[in-house]
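Subject: Structure handover

Hi there,

Here is the structure I promised to pass on to you. Have a look at it first, and then read on for my notes.

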Amino acid sequence: MDHAAAPAVTLTLPQLGWIPALPLLAFTLLLFFGRRLGRFSPWVAVAALAGALGITLSLAGTVFHGHRVAVSWAWLSADAPVWSIGLSVDGLSWLMLFVVTSIGTMIALYSMGYMHGDPRLSRFFAYLSLFCASMLLLVLADHFLLLYVGWELVGLCSYLLISFWFEKPEAAAAGRKAFITTRIGDTGLLLGILLLFWTAHELHFSQLDAVRAHLSPGLLTLISVLIFLGAAGKSAQIPLHVWLPDAMEGPTPVSALIHAATMVAAGVYLVARTLPLFTPESLQIVLTIGLLTHLFAGTVALTQTDIKRILAYSTLSQLGLMMVALGLGAAPLAMFHLGTHAFFKALLFLGAGSVIHAAHAQELGQLGGLRKTMPWTAALFFIAAVSMSGLFPLSGFWSKDAILLAARHDHPWLLWVLLGGAAMTTAYIFRVYLRCFEGTAKDHHGATPHAHESPMIMVLPMAMLGLGAIGAGLAGSPWLHHPLFRLLGETHVHEGVDVPILAWSTVAAALGLGLAWVVGVQQRYLLPPALRPLGSQLYRLAANKYYVDELYDRFLIRPFLDLARGLAGFDQRVIDGAVNGAGRVGWGLGELKAWFDQAVVDQLVNGLARTVRGAGATLRWIQTGIVQQYLFVVVMAVVVLSALLRR
Amino acid sequence: MPVQSLLLLSHALFCLGIYGILTRRHAIGLLLSIELILNAAALNFVLFSRAFGHVQAQAFALFIIALAACEAVVGLAIIIRLSRTAKTVFADHVDLLKG
Amino acid sequence: MSIAYGLLAVLTLLGAVWVVTLRNLFRAALSLGLVLLGVAGLFILLEAEFLAFVQILVYVGAILTLVVFAIMLTAKLHASSASPASRQTVPAAAAALGLFLVLVSTTNALTWPDYPAAEAVSLAALGQELVKTLVLPFEVISLVFVAAMVGAIAIAANPPMKPPPS
């Protein structure tokens, strides 16, 4: 295993451009010919994504040997090579490419079954392709500007996809909410990029180490915190997490795509990519925010009853865990967990979608005993749940334990907090599993008995993801000598399985499982009677998501709307009134004078009256809607400006 | 020096056209004023073509005449349509965009 | 020579003033004919005879005829609301005058070659230019022309054309 020591070579491969270009091409095709393609339109998207996956896999050999693949086209030949369209693949971005293309392909296949019969089928797959294309562009970009382009496109596509069923007002509102909330983060990212360019004059990712040496720590902290703000928006970290649970209004495959493979991963990827810019102080912020999100979302997930919402909060929680890893400075661990999480979380979402598709219900209270009617879905959901709980030796175990190890190394207390989080994870995910698939069918609701196994086109992709949920973690396991970490450039890896950590995390998972069974399914009280009021208060707090939405509504949105309304009122009453009044006075004056002139001086002073009338009309010009008066302003502006600017 | 005096003439034509656009209320009157402006531009082109011996300038004067024909045709079609549907030929009566 | 220039200039200016001030639209259109003829005469004096003929043929022959047609077609509409007054005459005059002054002062500050400095452009050279260097704009203009014709027919057609069933 000496390839890690081989000198890094940068190869130029033009086919790199095809990775984002294929889905983009599919988008264009579907946009213009979608109606004509009809039922065949999903295949266009699947083929494009599979093609991108193929190219990604063909690069694997090169990348695993420690080489970089890059290609760039001149864009603006101004002063610096900054302004080029450059794509590059190293270990980090290859991993993301693999995750996005493989899971994107699976989800596109699955959507073929899930979206079957939807009137806007081809439009859905067009958006899906554009989403993947922009995500791939984001991942492949070799400098901030292109990444930002992809970043914004991802935001746009998520808006389009979340509000895909825009006939539902909640879906439209959720799309807006996602767009606006992530926009707050995007603004931070843009400011960070501008600040970086302004101070360091360098936007290439490969030069970040040099930039770090060049800039003062305070400035670096500011830039990295701004970048993290963008990442927090996309990865839905506290306090910008509110959009993600609402985004569940979109079609379930979209939830799987956004919450597993692509959009939320973008934030983690961004931080991992720009980690050289992060100072200890900003890493502390990342760690704190990640930990808060991890625990906060975990407790909320324990109390929700909508299966998609539980999965959404579980995603938040897992993203928090990745941010914790990033905060510890261990980007490879975060990326490893991102990869395994992508598989099992996509599988969980697709399983949930399969349940919703079959039972037409997504409240835990209306579901039960589905294992008999949907054996495949149940088995795959079980695999994903076990994987997420971090049980040896599925994927989730390897990635979660790597983070636990790193935590123990840096802050021993953090290990215990994270173990608590792991127990919570097991508890909420098995609560979902047990109540959906085990127990008895709820006959009196009339929904569940009609349930049937989903069609092959939906089960097959799920099975593929199930293989990933079982085996993807091996890539980072000591059994295979951590090929993944070598890929990501990490050399200090733990050899062999750490037995205490294994034992503790198993204990935590067992604890969570017990909790899920006793409280979640049997609905028994664990607390002594004296503490029950406090417990139920805490429960209500978590069930209402800690009232964050309400707080935002009360302290941000309401005052803002009030302010806007106040300004509108001021505009209408005071300013419009003033203009109207002036106009009316002018008019009145004009009429008066005209009458006076006609009566007294008759024809001689008619011109004066017309002047005043013209002045009155000019004062009213804002409200006339008459083009000639606008043109008059334009001409006057031209005259004045050219007179002023004349040399 | 005819160059400068003819420039004066074309400026005057142009500004009269602007004045017409600003004041005319009849849509056809607007079209007439636009023709004045286009003629001023064409006159400028021909003048410079003569003064500098430039061939392309004359070609562009030719293009201007062609485009003026297009503009007149479309404009008149719009006016006739307008007179049928909106029952008016006055530009300021067409204010559906008024806020 | 300069007498001819002066006469044509006066004719053109007078026509232009009438075009924008006459209340009767029909007379304004006829004044435009005067302007067009004056400009055509100036073209001849500037040794651009071909352009002068095109000007008379296209402008006076086609466009002006169209305009007169349109005036007559819509005549009963503006006859009812007798001769509308011009709007914002004073500010418009100020704006136009300001524009004129800016233009004049700008062009006066430049130095111009003595007239006539160069050879007159021959018709052969113009034709060659049109089919060599400017062949693309030339073709584009003809395309625009076709589009304008089709568009004009579609707009003015009675009853209005319906979009083809999709």
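Among contacts in chain A between residues at least 6 apart in sequence, what percentage join residues at least 24 apart? It comes to 79%, where two residues are in contact if their C-beta atoms, placed from the backbone, lie within 7 Å.

A word on conventions before the rest. This is a predicted model, in which local features need pLDDT of at least 70 and side-chain atom pairs count only at pLDDT 80 or more, while totals for chains, interfaces and linings use all residues. Residues are numbered from 1 along each chain as its sequence is written, and chains are lettered from A and ligands numbered from 1 in the order in which they are written.

**Confidence**

The model has an ipTM of 0.87 and a pTM of 0.63. For chain C the average pLDDT (the predictor's confidence in each residue, from 0 to 100) is 84, and 85% of the residues score at least 70. Within chain C, helix α2 (residues 25-45) has the highest confidence, at 91, and helix α4 (residues 75-80) the lowest, with a mean of 60.

**Chains A and C**

Chain A contains 25 helices and three strands. Both kinds of element are DSSP runs numbered from the N terminus: H or I over at least four residues for helices, E over at least two for strands. Of the 647 residues in chain A, 49% are buried. Here, buried stands for 20 or more other C-beta atoms within 10 Å of a residue's own, exposed for 12 or fewer, and partly exposed for anything in between, with C-beta atoms placed from the backbone.

Chain C has seven helices and zero strands. Buried residues make up 27% of its 166 residues. Of the contacts in chain C with a separation of 6 or more, 45% are between residues 24 or more positions apart.

**Inside chain A**

Helix α1 (residues 18-37) and helix α2 (residues 41-64) of chain A have axes that come within 9 Å and cross at roughly 175°. Axes are lines fitted to C-alpha atoms, for helices over the stretch in contact, and angles run from 0 to 180 degrees between N-to-C directions. α1(A) and α2(A) are therefore roughly antiparallel to each other; angles over 145 degrees get that label, those under 35 count as roughly parallel, 65 to 115 as roughly perpendicular and the rest as oblique. The residues of this contact divide into 15 nonpolar, four polar and no charged. In this scheme Ala, Val, Leu, Ile, Met, Phe, Trp, Tyr, Cys and Pro are nonpolar, Asp, Glu, Lys and Arg are charged, and the others, Gly among them, are polar. On the α1(A) side the contact includes W18(A), I19(A) and P23(A), and on the α2(A) side it includes S41(A), A52(A) and T56(A).

I19(A), P23(A) and A52(A) come up again as residues touched by L136(A), not counting residues up to four places away in sequence. L136(A), A325(A), A334(A) and L347(A) touch the most other members of the largest nonpolar core, which has 189 residues. Such a core is a set of buried Ala, Val, Leu, Ile, Met, Phe, Trp, Tyr and Cys residues joined through C-beta atoms within 7 Å. Helix α14 (residues 331-359) of chain A supplies the largest share of this core, 18 residues. Another core, of 77 residues, lies apart from it, with L31(B), L47(B), L42(C) and F43(C) among its members.

**Where the chains meet**

Chain B puts 64 residues in contact with 74 residues of chain C. α1 (2-23), α2 (27-52) and α3 (55-85) of chain B each supply at least two residues of that side of chain B, and α3(B) gives the most, 24 residues. The residues on this side are 43 nonpolar, 14 polar and seven charged.

α3(B) packs with helix α3 (residues 49-73) of chain C at an angle of about 10°, their axes 10 Å apart, so α3(B) and α3(C) are roughly parallel to each other. The residues of this contact divide into 20 nonpolar, two polar and no charged.

The contact between chains A and C takes 15 residues from chain A and 11 residues from chain C. α25(A) gives the most to the chain A side, with nine residues. That side divides into seven nonpolar, six polar and two charged residues.

Happy browsing!
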